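Subject: Structure handover

Hello,

Please find the structure below. Notes on its pocket and helix packing follow.

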Amino acid sequence: MLHTSSEKTYTDLLIQYQPKLIKTEEEYQRALCVVEGMMSGELTEAETMLFDLLVFLIETYEAQHYPMGESTLVATMESLMHEFDVQPATLVEIFGSLELVREIINGERGVSKAQAKSLAKFFNDLNPGLSLTSKDFGK
């Protein structure tokens, strides 16, 4: 990328923003504001490098201060069904009966590896931007 005189180098950006490990909520909020501001436009190569560093620092802070537990089959199913307005009857094709669908949605029963693969394919077909696998459904 050809740099013009108005573009800052990575070193200039490091000096300006002075990124470091995030240790306080205030530092976390400040980093979020910078990243959100950077998301509104096209970034230069140097800005992209800074953006990636800040995102890494934010994710590190979040992992320590806002840990997320493992997702459950029920939570995953509930979320995806809500997001894509999928009714239980629509999943009968995968599970064989509405009763089985309801048992799975209620957490009374798990899914087989083949069913998990079918669920991933079903939801990926609804939105090509998804990249779900059977592991997202516990298998």
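**Pocket and helix packing**

The largest pocket has a volume of about 220 Å³. This is a predicted model, in which local features need pLDDT of at least 70 and side-chain atom pairs count only at pLDDT 80 or more, while totals for chains, interfaces and linings use all residues. Residues are numbered from 1 along each chain as its sequence is written, and side-chain values use heavy atoms, with hydrogens and water left out.

A pocket here is an open set of points on a 1 Å grid over the protein atoms alone, where a 1.4 Å probe fits, with protein on both sides within 12 Å along at least five of seven lines; lining residues have an atom within 4 Å of a point. Volume is the space filled by probe spheres set on the points, which are joined across faces, edges and corners.

The lining consists of Y17, Q18, P19, K20, L21, I22, E27, R30, A31, V34, L54 and L57. Helices α2 (25-38) and α3 are the elements that give two or more residues to it, and α2 supplies the largest share, 4 residues. Helices are DSSP runs (H or I, at least four residues), numbered from the N terminus. By class, the lining has 8 nonpolar, 1 polar and 3 charged residues. Nonpolar covers Ala, Val, Leu, Ile, Met, Phe, Trp, Tyr, Cys and Pro; charged covers Asp, Glu, Lys and Arg; the others, Gly among them, are polar.

α2 and α3 pack at an angle of about 145 degrees, with their axes 10 Å apart. Axes are lines fitted to C-alpha atoms, for helices over the stretch in contact, and angles run from 0 to 180 degrees between N-to-C directions. In α2, E25, Y28, A31, L32, V34, V35 and M38 meet E47, L50, F51, L54, V55, I58, Y61 and E62 of α3 (contact: heavy atoms within 4.5 Å). These divide into 12 nonpolar, no polar and 3 charged residues.

α1 (residues 10-17) packs on α3 (residues 45-65) at about 45 degrees, with the axes 8 Å apart. Y10, L13, L14 and Y17 of α1 touch A46, E47, M49, L50 and L53 of α3, giving 8 nonpolar, no polar and 1 charged residue.

Regards
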